[in-house]
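Dear colleague,

Please find the structure below for your files. My notes on its side-chain contacts follow directly after it.

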Amino acid sequence: LDNRIIDMRVPAQNAIFRISSAVGHYFRTALLEKGFCEIHTPKIIAGASEGGAEVFKLKYMEGTRYEQPACLAQSPQLYKQMCIMGDMERVFEVGPVFRAENSHTGRHLTEFVGLDFEMEIKESYTEALDMTDFFMIKVFAGLTENFKAELEIISQQYPFEPFLYNNQKNLRITYPEGIQMLRDKGILNEDGTPLEDTQDISTTQEKALGALVKDKYQTDFYIMDRFPMDVRPFYTMPCEDDARYSNSYDVFMRGQEIMSGAQRVHDAELLKKQCIMKGVAPDEIKPYIDAFRYGAPPHAGGGIGLERVVMLFLGLENVRKTSIFPRDPQRLTP
């Protein structure tokens with residue numbers, strides 16, 4: 001990584017970055033085909049867009065009379081929603097995302113390329129799942145059909161099994177079904193305790209579930225929805241039939257999560273209440289909350305990490321191979 005310019009001359013590494021470019025291209029063209037409008041949102045914002053502590057903080061206009069606290073955007077989430085309220089109906093963005101996660105793993109970066117979309121809901125939040133399935137199939141098919149030479153070059157240096165997916169409609173399971181599959185296999189938490197209905201599952205458990213899914217359904221790609229409300233951001237809509245769960249979903253490739261999505265809360269008072277519950281100060285995102293007071297349609301969307309998609313499609317072990325100049329907790333150069 002210290003000599004990335006030389007590394008890029010290696011045919012396999014060069015091909016990986018061409019695959020990365022293609023993922024962004026097929027994501028963009030798939031959504032344009034469905035009537036989406038591409039947007040470009042601010043990356044310097046006043047308050048955390050996701051909640052929690054994983055945010056890069058900075059002093060905006062430091063040393064001037066305009067100085068104020070700010071941070072780098074964890075996602076374009078709030079702005080995507082504001083565009084929906086501005087009657088744009090369907091929007092997407094391809095842009096940088098910043099996460100101050102002190103995670104030294106093969107799948108985490110502190111800056112990555114986010115592929116985000118947001119759309120009005122006409123009847124059910126599952127319309128967002130259908131759209132996710134549509135553009136991911138477009139990505140997979142585009143790579144498989146049009147980048148055979150690059151995939152062959154990569155496989156010579158990094159052998160991998162072809163990625164398995166359905167080119168029509170892919171597997172969907174609920175979170176309770178996923179938990180039950182793990183229980184049936186006798187999988188426990190790291191401390192030896194049994195899995196609880198609404199707990200968050202670990203990376204190890206995600207991979208175990210992915211292996212169970214592949215063994216049972218012969219696929220590397222699936223969607224799991226109805227995540228517990230406790231593990232989702234403040235703007236997630238609770239399930240109408242059971243408030244413990246939410247109208248939200250994750251997308252998995254080879255047993256690892258690549259995307260989170262959900263129906264968003266579109267009522268200002270409920271949104272304010274959930275901000276407080278999740279530890280987000282409503283005053284910091286007042287313009288966002290106030291936007292809902294003018295009326296907001298039901299809407300949903302999600303965000304994907306481009307580098308992780310490339311890593312898992314190619315069966316690579318480290319996301320740094322798919323980021324042209326990666327940023328992690330220890331690396332700021334080149």
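Which residue forms a salt bridge with R183? The partner is D197, and the closest N and O atoms of the two are 2.7 Å apart. R183 belongs to helix α6 (residues 175–184) and D197 to the loop between α6 and α7, so the contact ties together parts that are 14 residues apart in sequence.

Please note that this is a predicted model, in which local features need pLDDT of at least 70 and side-chain atom pairs count only at pLDDT 80 or more, while totals for chains, interfaces and linings use all residues. Residues are numbered from 1 along each chain as its sequence is written, and side-chain values use heavy atoms, with hydrogens and water left out.

Salt bridges

A salt bridge is taken here as a side-chain nitrogen of Lys or Arg within 4 Å of a carboxyl oxygen of Asp or Glu. By this rule the count is 23 salt bridges. One of them joins K214 to E161, with 3.4 Å between the closest N and O atoms. K214 lies in helix α7 (residues 203–217) and E161 in the loop between α5 (148–157) and β7 (171–174), so this pair ties together parts 53 residues apart in sequence; helices (H or I, at least four residues) and strands (E, at least two) are DSSP runs, numbered from the N terminus. E161 is exposed at 53% relative accessible area, whereas K214 is partly exposed at 28% (buried means under 20%, exposed over 50%, partly exposed in between, with a 1.4 Å probe and protein chains only).

Aromatic contacts

The whole structure contains 17 aromatic pairs (rings of Phe, Tyr and Trp, the last by its six-membered ring, with centres within 6.5 Å; planes under 30 degrees apart are stacked, over 60 edge-to-face, the rest tilted). Among them, F140 and F313 are stacked, at 5.9 Å centre to centre and 15 degrees between the planes. F140 in helix α4 (residues 126–146) and F313 in helix α10 (residues 306–313) are 173 residues apart. F140 is buried at 0% relative accessibility, and F313 is buried at 4%. Y175 and F227 form a tilted pair, with 4.7 Å between centres and 55 degrees between planes. Both Y175 and F227 are buried.

F227 also has the charged end of R232 over its ring, 4.4 Å from the centre (NZ of Lys or CZ of Arg within 6 Å of the ring centre and within 35 degrees of the ring normal).

With kind regards
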